[in-house]
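Below is a short briefing on one protein structure.

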Amino acid sequence: METPSPVDLAADRDLLPEIYRLRAECHRLDAPEEPFATEQVWRGVVLHPPALVTRLHWVVEGGAVEGGYAGLSWIRGAAGASVEVCVAPSRRRRGLGRALLETVAVYARTLGCARLVGRHAGPSGAAFAAAVGATPGNSQIVSVLTLPPEGDARPVPGYRLCSWITRAPDDLVESYARARNAISDAPHTEGADEPRWTVETVRDFEEALVLRGRRQRVTVALDGAGEVAGYTELRVSPDTGAVAGVDDTAVVAAHRGRGLATWIKRESLRLLAADRPDVALVTTANDASNAAILAVNRALGFRPVSTWTDAVLRL
C-alpha cells in the first residue's frame, strides 16, 4: 500500500498539471454536464489563498500522482474543514482513498477540527462516504446559464443598485461586509463553515482574487439610508470565453421578500453580458432546500446540471 505524502505545491509546481488532470477526470465521471474550472483558475486557488485560509495537499507516495490526491481547506479557527479526495478510476478499491482520508484526518485534528466535510456527485463517492462512516449532509444543485439572462429588470421601490469591479468602495465596504454575513442564514450543512465577514476579510479576499487573476464583479442594492441590503458576487477570468461563476447572492433579513435578489442578480448578469460578450456561460451552486434562490435562478434562465451531496466525517 502506497503511503500518502504531503506536498508543497507552491514549491513543486510541476505537480499541479498532473493533479489537475486527475481532478478533472474524476469530475467528468461524476458531473459531465457541469463546467470544470480551468487549470489556471485552480492554480490561483492553490497558490493564492486568502490569509485566513489554510490549504494543504497530499499525494500517494511511490506511485504516479494520478493514483490519488487529497486536499484540505481550513478557515482559521473553524471547527470544521473541507476535504477533497480523488482516486484514479483504474486504481480504486485498493484502499488509496481511505489512506488519503485518514492522513488528512490526522492533520485536521492537530488544527482542532471536529469534523471534515467532503462532497460527492456519483454512486462511487456515495459508497466511499458510507464506507468511511461519513453521514450525509445537505445537497447543492449546480446550475448553468447561457447569457444573457431571461426577463426584464424590475426595480424595487425604495432601493437603488450599485456595482463595482475588484474592490469595494471605501464608503460602502463596512456596510457590504455586514451584508455578506447574511449568507450564513442560507441552508447549509453543519460544519461547512463560512468566514465571518469584516472589512479586513473583504479586503483579504479581494487581494487574493487579484493575485489569482480573477475579476470580482459585485452588484449591491442600497436602501434609503445608503446601507447594503443585498448583494451578488460574480467571478470571472480575463481569458476569452471564460466561464463565470456566481460566488454568493444574499439579502439581509430585514429586506427579504421584496424581489431584491432577482433584481440584483439580473443586473449583475446584464452587466457581465454587456462588458464581456465573449463569456457565454455562468454557473451557480445553491442548497437543494433553498427554494427561494432556486426560483430566482429559474426565472433568470439557469438550468440544473449536477447535484453534489455533502458528507460529514466526525473526528
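Serine 237 counts as buried because its relative accessibility is 6% (buried: under 20% relative accessible area; exposed: over 50%; partly exposed in between; 1.4 Å probe, protein chains only). The model is predicted: local features need pLDDT of at least 70, side-chain atom pairs count only at pLDDT 80 or more, and totals for chains, interfaces and linings use all residues. Residues are numbered from 1 along each chain as its sequence is written, and side-chain values use heavy atoms, with hydrogens and water left out.

**Serine 237**
- The loop between β9 (228-236) and β10 (244-251) holds serine 237 (strands are DSSP runs of E, at least two residues; helices are runs of H or I, at least four; both are numbered from the N terminus).
- Its side chain makes a polar contact of 3.0 Å with that of arginine 214 (N or O atoms within 3.5 Å, within protein one able to donate a hydrogen and the other to accept it; residues adjacent in sequence count only if both atoms are side-chain atoms).
- Beyond four places in sequence, serine 237 is in contact (heavy atoms within 4.5 Å) with Val41, Gly213, Arg214, Ala242 and Arg276.

**Nonpolar cores**
- The largest nonpolar core has 43 residues (buried Ala, Val, Leu, Ile, Met, Phe, Trp, Tyr and Cys joined through side-chain atoms within 4.5 Å).
- Its largest share, six residues, comes from helix α3 (residues 96-110).
- A separate core of 24 residues includes Leu147 and Phe302.

**Helix α1**
- Buried residues of α1 include Leu15, Ile19 and His27.
- The buried residues of α1 pack against β1 (4-7), α2 (39-47), β2 (53-60), β3 (68-75), β4 (80-87) and β12 (303-314).
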